[in-house]
Amino acid sequence: MTVNPTHTALWPAPHASGAVAATVHVPGSKSVTNRALVLAALAAEPGWLRRPLRSRDTLLMAAALRAMDVGIEEGVGPDGSGEAWRVIPSGLRGPATVDVGNAGTVMRFLPPVAALADGPIRFDGDPRSYERPLHGVIDALRALGARIDDDGRGALPLTVHGAGAVEGGQVEIDASSSSQFVSALLLSGARFNQGVEVRHVGSALPSMPHIRMTVDMLRACGAQVDTPEAGGEPNVWRVAPGALLGRDLTVEPDLSNAQPFLAAALITGGRVTVPDWPARTTQPGDALRRIFTEMGGSCELTEQGLTFTGSGSVHGIDVDLSEVGELTPGIAAVAALADSPSTLRGVAHLRLHETDRLAALTKEINELGGDVTETADGLHIRPRPLHGGVFHTYDDHRMATAGAIIGLAVPGVQIENVATTAKTLPDFPELWAGMLGN
Ligand SMILES: O=C(O)C1=C[C@@H](OP(=O)(O)O)[C@@H](O)[C@H](O)C1
Ligand SMILES: C=C(OP(=O)(O)O)C(=O)O
């Protein structure tokens with residue numbers, strides 16, 4: 001967790017003078033867009049992706065697939081509405097080079113795809129990507145028949161020597177550091193000769209909704225998937241070998257990126273509507289309806305979307321966030337402004353996210369006068385009056401949006417490198433200003 005010396009630009013976080021009242025159109029989900037791109041690239045026929053997220057993580061995914069000869073063309077969807085990507089699968093070609101940036105989805109989902117290519121695929125990325133766990137994917141692919149050269153640390157950089165096919169079969173992995181290991185193997189598994197059976201061994205698996213998202217999207221492409229939920233063995237997922245269908249998919253708004261806007265309604269006692277909020281979804285951000293309601297607001301899902309209304313009070317919360325870890329920075333920011341203490345649990349794996357999020361949140365909130373302590377698996381947050389100052393982001397998009405939430409309630413907060421929100425929400429400063437009527 002180091003302050004990035006190249007990003008010293010400071011963004012004065014807008015302070016809300018009253019209750020916000022806004023409708024905010026939130027761009028598409030990162031997790032859905034990057035899964036859809038991978039599945040479309042592996043399909044047996046072309047597909048459409050409507051309203052894809054265009055952000056650093058998804059553009060890196062698209063560039064990587066293009067480098068392996070997948071066609072991804074700009075267009076309008078088949079019914080003529082909305083902008084779309086048409087994905088034209090190909091034979092997956094190597095040699096190629098993939099820049100993963102600091103995208104967990106790119107660094108984990110693509111090595112299994114590369115193993116199906118017909119030549120070497122070199123993976124590299126931001127310095128932080130070298131520190132993020134990848135051993136589950138590397139070890140599993142080797143066990144399933146792929147050849148990979150790395151420097152022995154079980155991390156980036158590495159080269160996957162694609163051989164045109166992967167034998168597949170049964171594999172055991174410890175995915176307690178990232179659910180993305182499981183998703184990665186399942187997403188490509190239908191294209192392995194024997195399919196894949198992934199057995200998680202180790203302590204608890206985080207981010208289960210993201211694994212459900214993988215399974216749902218695979219099934220929508222015609223894959224046969226067995227899961228623990230469907231009466232299977234605990235911690236075992238199986239994907240049968242077979243061709244994947246090309247789909248016409250419209251990407252849902254990113255509900256985790258809706259978080260700062262809903263938080264704005266909560267902490268200012270205002271009202272924010274997010275159109276196109278899905279009635280049923282596997283996105284973890286849907287849990288905000290329950291979590292932010294417990295923290296003092298109320299919400300209603302109508303044809304207009306999800307409307308979240310703050311009550312004027314913000315309460316602390318004791319909550320296990322293991323299923324929805326990516327919501328932690330935004331919840332911590334709200335908790336620092338509450339009328340009672342909070343305990344956030346079940347998120348030790350956040351130490352290996354974009355930055356060590358537990359350390360970063362503790363340091364930055366405390367430097368504004370807060371009282372946050374790290375626990376073994378989360379944070380204790382005792383609200384105190386906060387003051388202005390610089391909120392560092394450590395190249396972490398969710399640190400930037402967490403700082404913006406605090407800045408709404410605390411005058412004089414300056415966010416260092418707000419541009420890091422480009423990882424998943426390049427328009428954040430404009431959307432935030434628009435919400436405030438600026
Ligand atoms: O599969 C996905 O799209 C994601 C899974 C989660 O990863 P971890 O299980 O590594 O936390 C989540 O935090 C990340 O933002 C997106
Ligand atoms: C953990 C996150 O991202 P990644 O996909 O890089 O793991 C996140 O977006 O909060």
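Two strands count as paired if DSSP finds at least two bridges between them. Keep in mind that this is a predicted model.

Q: In which sense do β16 and strand β17 pair?
A: Residues 305–310 make up β17, and six bridges link this strand to β16. One of the bridge partners in β17 is phenylalanine 308, which goes with cysteine 299. The sense of the β16 and β17 pairing is antiparallel.

Q: Which strands stand at the edges of the open sheet of four strands?
A: Reading across, the order is β2-β15-β17-β16, and the pairing is mixed. An edge strand here has a single partner, so one side is left without a neighbour in the sheet. That picks out β2 (21–23) and β16 (297–302).

Q: At about what angle to β17 does helix α7 run?
A: Helix α7 spans residues 259–268 and lies across β15, β16 and β17. Its angle to β17 is about 30 degrees.

Q: What is the handedness of the crossing of α3 and α5?
A: The axes of α3 (residues 104–115) and α5 (residues 180–189) come within 8 Å and cross at roughly 35 degrees. Among the residues that meet are Phe109 and Val113 in α3, and Phe181 and Leu185 in α5. The crossing is right-handed.

Q: Where does ligand 2 lie relative to domain 1 and domain 2?
A: Around ligand 2 you'll find Ala103, Gly104, Thr105, Glu326, His353, Arg398 and Thr424. Domain 1 (10–28 + 253–435) and domain 2 (30–250) both give residues to this shell, so ligand 2 lies between them.

Definitions and conventions:
Residues numbered from 1 in each chain as written. Chains lettered and ligands numbered in written order. Predicted model: local features only at pLDDT ≥ 70, side-chain atom pairs only at ≥ 80, totals over all residues. Axes fitted to C-alpha atoms, helices over the stretch in contact; angles between N-to-C directions. Helix = DSSP H or I, 4+ residues; strand = E, 2+ residues; numbered from the N terminus. Left-handed = near helix turned anticlockwise from the far one by under 90°. Contact = placed C-beta atoms within 7 Å. Near = placed C-beta within 6 Å. Domains from an automatic or database assignment.
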